[in-house]
Amino acid sequence: MLRFFLVLFLGYHSFLVKSQSIEIEDFIGTYAGEMLLINQEKNTSNTVQVTLDFQEVKKDSIWTYQMTYKSLTLGSMSKDYEIQRLQGGQLQTDEKNGIVISISLLDDCLYEFYESDEMYFTVTLRKNKKKILFELTCLPKWNKKEAFVAGETPLTITSYMTTVVQKAILKPLRKLSRGRF
């Protein structure tokens, strides 16, 4: 009897784990929301309306996503990206301007980490049910604190203060009657 419950539990658990896994195709759609922009160094914050359009271009290998930002005070701008699946399954973001960044899909989230102009950047697009949670953080390389731990295996830890954050909860756009959004 115990063996039966153990098999039942393991079978049910493996079903749950598999059913909760998000693939890149699950991001496909058009989403919108308000993005909060915080710059601690300049002591400013603002909001902009943002739309994310995520589409498949080539089955299982190329997707595009366009982020469009609209603000009465800051103006409008669009950023176009292409995500490519390479041989071996690795992913990369091609910004179509010579910049290609490695991207990982882990735990229902697309992760990017890169360095530019003495800054570290992290970008996450997390799929949460029907929503996408977007966050970009900037950490200046010069704004760091180091700690040293002596011991059998000496260890140096370097931490960086986040100074810029952009974040948004993006909800799917739904078609209204008569084919309008």
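F27, F54, Y65 and Y81 form one aromatic cluster in this predicted model. Rings of Phe, Tyr and Trp (its six-membered ring) pair if their centres lie within 6.5 Å; planes under 30 degrees apart are stacked, over 60 edge-to-face, and the rest tilted. By this rule there are six aromatic pairs. One of them is stacked, because the rings of F54 and Y65 have centres 5.7 Å apart and planes at 10°. F54 sits in strand β2 and Y65 in strand β3, so this pair ties together parts that are eleven residues apart in sequence.

Burial is read from relative accessible area: buried means under 20%, exposed over 50%, and partly exposed in between (1.4 Å probe, protein chains only). F54 is buried at 0%. Y65 is buried too, at 5%.

Another pair joins Y120 and Y160. Their ring centres lie 5.1 Å apart and their planes stand at 75°, so the pair is edge-to-face. Y120 belongs to strand β8 and Y160 to strand β11 (residues 155-160), so the contact ties together parts that are 40 residues apart in sequence. Y120 is buried, with a relative accessible area of 17%. Y160 is partly exposed, at 28%.

Residues are numbered from 1 along each chain as its sequence is written. In this predicted model, local features need pLDDT of at least 70 and side-chain atom pairs count only at pLDDT 80 or more, while totals for chains, interfaces and linings use all residues; side-chain values use heavy atoms, without hydrogens and water.

**The barrel**

Ten strands close into a barrel, with antiparallel pairing, in the order β1-β2-β3-β4-β5-β6-β7-β8-β9-β12. The twist averages 25° from one strand to the next; axes are lines fitted to C-alpha atoms, and angles run from 0 to 180 degrees between N-to-C directions. Strands are DSSP runs (E, at least two residues), numbered from the N terminus. Two strands pair if DSSP finds at least two bridges between them.

| Strands | Bridges | Residues facing each other |
|---|---|---|
| β1 and β12 | seven bridges | A32 and K171 |
| β6 and β7 | three bridges | S104 and Y111 |
| β7 and β8 | eight bridges | Y114 and F121 |

Two hairpins deserve a look. The hairpin of β6 and β7 has two residues between the strands, and D107 takes a positive phi near 50° there. In the hairpin of β7 and β8, also with two residues between the strands, D117 takes a positive phi near 50°.

**The largest pocket**

A pocket is an open set of points on a 1 Å grid over the protein atoms alone, where a 1.4 Å probe fits, with protein on both sides within 12 Å along at least five of seven lines; lining residues have an atom within 4 Å of a point. The volume is the space filled by probe spheres set on the points. For the largest pocket this is about 770 Å³.

Its lining has 34 residues, and Y69, M77, K79, L136 and Q166 lie nearest the centre. Strands that each supply at least two lining residues include β1 (29-39), β2 (44-58), β3 (62-71) and β4 (75-85). Also among them are β7 (109-116), β8 (119-128), β9 (131-140) and β12 (164-172). The lining divides into 19 nonpolar, ten polar and five charged residues. Here Ala, Val, Leu, Ile, Met, Phe, Trp, Tyr, Cys and Pro count as nonpolar, Asp, Glu, Lys and Arg as charged, and the others, Gly among them, as polar.

Conventions: Helices (H or I, at least four residues) and strands (E, at least two) are DSSP runs, numbered from the N terminus.
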